[in-house]
Amino acid sequence: MKKKIKVSVIITAEKKERFIERSINSCLDQSYGNVEIIVAYTNLKNITFLKKNFLRKNVIFLRIKKKMKVSTQDQLFKIYKSLAASKGQYIFLMDGDDCFKKWKIKRIITKVHK
């Protein structure tokens, strides 16, 4: 059987405390099995709770200390730093208040390989 391609999902989570748990769960509930989740943040009020709740090898919390003055630049900087830490062959980006449908990653990977 062919080994599944590793996929990385980068979640930028600044000021998304109310939604981030739902976003992470939508990635964990994917029908595709080889998913690494990187949550990039500068300051999350509920980070201790999140780290305890998502204590798994495939969920990585990446604190980015440097903060840019413009929020768009700050988000791009978090993505850039997360890309350096990711191990996936394919990268998916999502905001901390977004959710993936259960079949999203599997469908995209299947279409790319057809």
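**Salt bridges and surface patches**

Tutor: Let's start with a pair: Lys-78 and Asp-74 form a salt bridge, with 2.5 Å between the closest N and O atoms. A salt bridge here is a side-chain nitrogen of Lys or Arg within 4 Å of a carboxyl oxygen of Asp or Glu. Keep in mind that this is a predicted model, where local features need pLDDT of at least 70, side-chain atom pairs count only at pLDDT 80 or more, and totals for chains, interfaces and linings use all residues. Residues are numbered from 1 along each chain as its sequence is written, and side-chain values use heavy atoms, leaving out hydrogens and water.

Student: Where do Lys-78 and Asp-74 sit relative to each other?

Tutor: Both are in helix α3, and because they are four residues apart, about one helical turn separates them. Helices (H or I, at least four residues) and strands (E, at least two) are DSSP runs, numbered from the N terminus.

Student: Are Lys-78 and Asp-74 buried or exposed?

Tutor: Buried means under 20% relative accessible area, exposed over 50%, and partly exposed in between (1.4 Å probe, protein chains only). Both residues are buried, with Lys-78 at 2% relative accessibility.

Student: Which residues are linked with Lys-78 in a network of salt bridges?

Tutor: Glu-14 and Asp-74. Lys-78 bridges to Glu-14 with the closest N and O atoms 3.5 Å apart. That pair links distant parts of the chain, 64 residues apart, since Glu-14 is in the loop between β1 and α1. Glu-14 is buried too, at 17%.

Student: How many salt bridges are there by this rule?

Tutor: Three. Another one joins the side chains of Lys-16 and Asp-97, at 3.4 Å from N to O. Lys-16 lies in the loop between β1 and α1 and Asp-97 in the loop between β4 and α4, so the pair ties together parts 81 residues apart in sequence.

Student: And the surface? Which residues gather in a patch of positive charge?

Tutor: Patches are made of residues with over 30% relative accessible area and no salt bridge; like charges are joined within 9 Å, nonpolar side chains (Val, Leu, Ile, Met, Phe, Trp, Tyr) within 5 Å. Lys-101, Arg-107, Lys-111 and Lys-114 make up the positive one. Arg-107 belongs to helix α4 (residues 104-112) and is exposed at 55%.

Student: Which residues make the nonpolar surface patch?

Tutor: Leu-83, Ile-91 and Leu-93, covering about 250 Å². Ile-91, in strand β4 (residues 90-95), is partly exposed at 34%.

Notes:
Accessible areas come from the Shrake-Rupley method with a 1.4 Å probe; for residues, only the protein chains shown count as cover. Lys and Arg count as positive and Asp and Glu as negative; His and the chain ends are not counted. The place of a charge is taken as NZ of Lys, CZ of Arg, CG of Asp or CD of Glu.
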